[in-house]
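Open the model in your viewer and keep the selection panel at hand. The stops below follow one another, each with something to select and something to look for.

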Amino acid sequence: MFLTRKRAFARAALLGNPSDGYGGKTISISVRNYWAEVVLYEWDSVEIVLADDDRAKFDSVYELARDVRLHGYYGGIRLIKATIKRFVDLCQANGYLLHDRKFSVRYQTTIPRQVGFAGSSAIIVATLRCLMEFYDVHLPTEMQPTFVLMVEQEELGIAVGLQDRVIQVYEGLVYMDFDSSYWYEPMDPARLPPLYVAHHESLGEPTEVFHSNLRERYNRGDETVVGAMKCCAELAASGREALIAGDAERLACLMNRNFDTRRAIYRLPAWQIDMVETARTCGASANFAGSGGAIVGTYQSETAFERLKASLAAIGSRTIKPQVSDCRKEA
């Protein structure tokens, strides 16, 4: 009986975010510590199995309200359904004949929700990989990020940037230029200095809240927003140069400037600012890893990392060293 199991990983934006949605540039990494996994196996009907994130049973109305405040209204079922629907549409439009065998599909995810780690697109990427193997229809790698983006934007109406699905398809460390040419440059993760990623364990914010009025302000020519997007893109380009030169100190300064630039155009919750300022007090650099709720930065020593980890834990945040590359492939 056919069975396949595919994963896609969380991502953290080092530099440039959120200019990716405005013709800008970004640098992102895979965070393999956190993943979405989809299992697809041959079955007697097409079935999507409910997961923990699709829970509909609570001990009280207060627990339900808290769950919605933290995680929003949606689990992964709609993401999988939309991916399957879009895949079928694509195959029909391009003359791919799909066999009539049926399947059951289930998912699980360890990616913390609502902290900007791109958990939704990870489920879509993993589902797409399963479907391609089951039907023996392989989209070129360069087409896959656009497919995932269309699932989110057109099928589900989710407000998203562009970098998430690029780094999740290509993995590792990728520099991205989203001008008219859409140019992606995979880079050697060995160029990275020691990095940490931290996220709050009890607070989060949906990405659509974070980006709620930014597009409107940009479209009407708000000089602060337009200037900030240009600056973020330039920081990403400079970050690429710093990585190539092995200049960890310059990279750290650029990441700090990236957050400071973003802070100038958003009204950020105090707890998000507290994460950044706590990390900087420990001598680390700090930038948002996504739409808010998680940060990423550099540190100088193991002693500094342990101090950083303890200080962030004291304000409710978990800190990890991100696994960027697949050690098995390097062996």
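Select Cys130 first: its relative accessibility is 0%, so Cys130 counts as buried (buried means under 20% relative accessible area, exposed over 50%, partly exposed in between, with a 1.4 Å probe and protein chains only). This is a predicted model, in which local features need pLDDT of at least 70 and side-chain atom pairs count only at pLDDT 80 or more, while totals for chains, interfaces and linings use all residues. Residues are numbered from 1 along each chain as its sequence is written, and side-chain values use heavy atoms, with hydrogens and water left out.

**Cysteines**

Stay on Cys130 and show the sulfur atoms. A disulfide is taken as a pair of cysteine sulfur atoms within 2.5 Å, and by this rule the count is zero. Cys130 takes part in none, its nearest cysteine sulfur being that of Cys91, 15 Å away. Next select Cys231 and Cys232. The sulfur of Cys231 has its closest cysteine sulfur in Cys232, but the two are 5.8 Å apart, which is too far for a bond. Cys231 is buried too, at a relative accessible area of 17%.

**The sheet around E7**

Select residues 195-200, which form strand E7; strands (E, at least two residues) and helices (H or I, at least four) are DSSP runs numbered from the N terminus. Six of the six residues of E7 are buried. What lies on each face of E7? Leu195, Val197 and His199 are on one side, Tyr196, Ala198 and His200 are on the other, and all are buried.

Two strands pair if DSSP finds at least two bridges between them. The open sheet has four strands, in the order E8-E9-E7-E10, with antiparallel pairing. E8 (287-288) and E10 are the edge strands, each with a single partner, so one side of each has no neighbour in the sheet.

Go through the pairs one at a time:

- E7 with E9 (residues 294-298): the strands run antiparallel and are joined by five bridges. Val197 is opposite Val296 in E9.
- E7 with E10 (residues 317-320): four bridges, antiparallel. Here His199 faces Arg318 in E10.
- E8 with E9: two bridges, again in the antiparallel sense. Phe288 has Ile295 of E9 as its bridge partner.

**Helix H10**

Select residues 270-281, helix H10. Its 12 residues reach 16 Å from first C-alpha to last, close to the 16 Å expected at 1.5 Å a residue (the expected span is 1.5 Å times one less than the number of residues). Which residues of H10 are buried? They are Gln272, Ile273, Met275, Val276, Thr278 and Ala279. An α-helix has 3.6 residues a turn, so residues three or four places apart point the same way. Just after H10, pick Gly283, which takes a positive phi of about 90 degrees.

**Backbone stops in the loops**

Select Asn17 and Pro18, which are joined by a cis peptide bond with omega of about 10 degrees. Pro18 belongs to the loop between strand E1 (3-15) and strand E2 (25-43).

Move to Asp136, in the loop between helix H3 (119-135) and helix H4 (144-155). Its phi is near 55 degrees, a positive value in a residue other than glycine. Asp136 is exposed, with a relative accessible area of 59%.

Then pick Glu171, in the loop between helix H5 (163-170) and strand E5 (173-177). Glu171 is not a glycine either, yet has a positive phi of about 65 degrees. Is Glu171 buried or exposed? Its relative accessible area is 18%, and Glu171 is buried.

**Leu149**

Leu149 is in helix H4 and is buried, at a relative accessible area of 11%.

For the last stop, select Asp52, Asp53, Asp54, Arg55 and Arg113, which of the 19 lining residues are the closest to the centre of the second largest pocket. A pocket is an open set of points on a 1 Å grid over the protein atoms alone, where a 1.4 Å probe fits, with protein on both sides within 12 Å along at least five of seven lines; lining residues have an atom within 4 Å of a point. The space in this pocket is about 350 Å³, a volume being the space filled by probe spheres set on the points, which are joined across faces, edges and corners.

Helix H1 (61-71) and strand E4 (102-109) each supply at least two lining residues, and H1 gives the most, with four. Colour the lining by class to find eight nonpolar, five polar and six charged residues (Ala, Val, Leu, Ile, Met, Phe, Trp, Tyr, Cys and Pro count as nonpolar, Asp, Glu, Lys and Arg as charged, and the others, Gly among them, as polar).
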